[in-house]
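Thanks for coming. I will take one chain today and go through it part by part. Please have the sequence and the structure open.

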Amino acid sequence: MRYLLSFGMLFAVFAASAGAVRYEITPVFSANAAPRLQVRVLLYGETDGTTEFALPNEFGPSEQLFNCIRNLSCRSRGCTLIINEEAHMALVQHPASAQIELCYEVLQDFPGSEVTRETAFRPLIQPDFFHILGGALFITPMFGEGSCEVTLEWHGFPDNWVIHNSYGTQERTQHFQFSKSRMIESVFMGGDFRVLKTEVGNRPVYLAIRGNDWSFKDADLLNMLQKTVATQRAFWSDWDIPYYTVTLLPMAARPAMSGGPGYSSVEYMGTGLRNSFAAFVTPSPNLEVADIRHLFNHEMMHNWIGNKIRSGGGPNDMRFGWFSEGFTEYFALKNMLNGGFIAADQYVETLNDDFFDRLYTSEIGEEPNDIVAAGFFSDQVKAEL
């Protein structure tokens, strides 16, 4: 009885109304097992006694993200949990409007700590840091597309760890109101990241970077980010953005990148998210901040094209890739010109060589949209058209 009373009081504190969700996230470090994040989800269920949850599925090129979820269970009395992996759904049957407690663990499902093109969007959980996208972290209740009250609590992390994410604060308890479809479009990190801060229009902009093999200074990259944010917000006449976060992780070099015609010593990858983006770059002795400015301008542009201006498709629906990526690339280049990142002759040369020439000389340049969309994440040639 004491347990039930405490459990009821707990819900009374955090959930004054239906639709509020609380996530408690705790690290689990063990000498006999891989490090993982333990997640506890607390909420009130639907009035009809059935509450559905969306399970991690895919985000960009990363598929079967449910493989990173372990030990999913419902600990509420009188509740039954039914998991449908094929539909990427979980169903909890419970008394009407009952209190629900779900628990699960998030694991890294590949060996080592190196980031590659194949693993960049998957959970990266190590003894000294973690980096994970919301699409792999959250099991979300299907309350519809309206906004809900969300509480995030970070428990048990070392005191010297920085905890930061797309929601613009390093506090270990966070409250915000957000639509559940946007919760997956976020990034979370903790551990030995270096978090630098600047401002644009008196609004904070953060750069969370890790790794010591960069050939440039953190401050120089932060200055480039500040200029990029200012240029793009001026372009859109949109200054009402409360905070912005960028993460940068080193990416492992591919064996084929070591030499040969057409190969580069540096590989770039990123994904635009809600008030944030995540970037991955291969460190190189000759890498300069100027080499990353295109990546930053492109991903920053997604704060409008793909985020505020929605195409109607999700992050994996590339039927509208001609809009979400094509227009993003064009306006990113235009803003690089406006911001003084490139000169006018470089702008014209890039349009001719990287856009028009490649399109009109490509053997698959006139493929129908459904074929391009189907191979967007698996066929890099089609994805770059």
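What percentage of the 385 residues of the chain count as buried? The value is 49%. Keep in mind that this is a predicted model. The secondary structure comes to 10 helices and 19 strands. For contacts between residues at least 6 apart in sequence, 67% join residues at least 24 apart.

Nonpolar side chains tend to be buried together in soluble globular proteins. Here the largest nonpolar core has 59 residues, and Tyr23 and Phe130 touch the most other members. There is also a second, separate core, with 33 residues, including Val205, Phe277, Met300 and Leu333.

Phe130 is worth a look. Leaving out residues up to four places away in sequence, Phe130 touches several aromatic residues, among them Trp154, Phe157, Trp161, Phe188 and Phe193. Its contacts also include Leu37, Leu124 and Ile125.

Is Phe188 buried or exposed? Its relative accessibility is 0%, so Phe188 counts as buried. With residues up to four places away set aside, the contacts of Phe188 include His131, Ile132, Gly134, Leu152, His164 and Asn165.

Now the rings. The count comes to 23 aromatic pairs. Ring pairs join Tyr23, Phe29, Phe130, Phe138, Trp154, Phe157, Trp161, Tyr167, Phe176 and Phe188 into a cluster. The charged end of Arg210 sits over the ring of Phe129, 3.6 Å from its centre. Lys227 lies over the face of Phe341, and there the distance to the ring centre is 5.1 Å.

Next, helix 4. This helix covers residues 218-236, which is 19 residues. From first C-alpha to last it reaches 27 Å, close to the 27 Å expected at 1.5 Å a residue. Its buried residues are Asp218, Leu221, Leu222, Met224, Leu225, Thr228, Val229, Thr231, Gln232 and Arg233. What do the buried residues of helix 4 pack against? They pack against strand 15 (194-200), strand 16 (203-209), strand 17 (244-250), helix 5 (289-301) and helix 7 (326-338). Just after helix 4, Ser237 takes a positive phi of about 50°.

Last, strand 19, residues 276-281. Why is strand 19 largely enclosed by the rest of the structure? Six of its six residues are buried, so the rest of the structure largely encloses it. In a regular strand the side chains alternate between the two faces of the sheet. In strand 19 both faces are covered, with Ser276, Ala278 and Phe280 buried on one side and Phe277, Ala279 and Val281 buried on the other.

Strand 19 has pairings to point out. With strand 17 it pairs in the parallel sense over six bridges, and Ala278 is the bridge partner of Thr247. With strand 18, residues 268-273, it runs antiparallel, joined by six bridges. There the bridge partner of Leu273 is Ser276. The hairpin of strand 18 and strand 19 has two residues between the strands, and Asn275 in that hairpin takes a positive phi near 55°.

That is where I will stop.

Notes
Residues are numbered from 1 along each chain as its sequence is written. This is a predicted model: local features need pLDDT of at least 70, side-chain atom pairs count only at pLDDT 80 or more; totals for chains, interfaces and linings use all residues. Side-chain values use heavy atoms; hydrogens and water are left out. Rings of Phe, Tyr and Trp (its six-membered ring) pair if their centres lie within 6.5 Å; planes under 30 degrees apart count as stacked, over 60 as edge-to-face and the rest as tilted. A charge sits over a ring if NZ of Lys or CZ of Arg is within 6 Å of the ring centre and within 35 degrees of the ring normal. Helices (H or I, at least four residues) and strands (E, at least two) are DSSP runs, numbered from the N terminus. The expected span of a helix is 1.5 Å times one less than its number of residues. Buried means under 20% relative accessible area, exposed over 50%, partly exposed in between (1.4 Å probe, protein chains only). Contact means heavy atoms within 4.5 Å. Two strands pair if DSSP finds at least two bridges between them. A nonpolar core is a set of buried Ala, Val, Leu, Ile, Met, Phe, Trp, Tyr and Cys residues joined through side-chain atoms within 4.5 Å.
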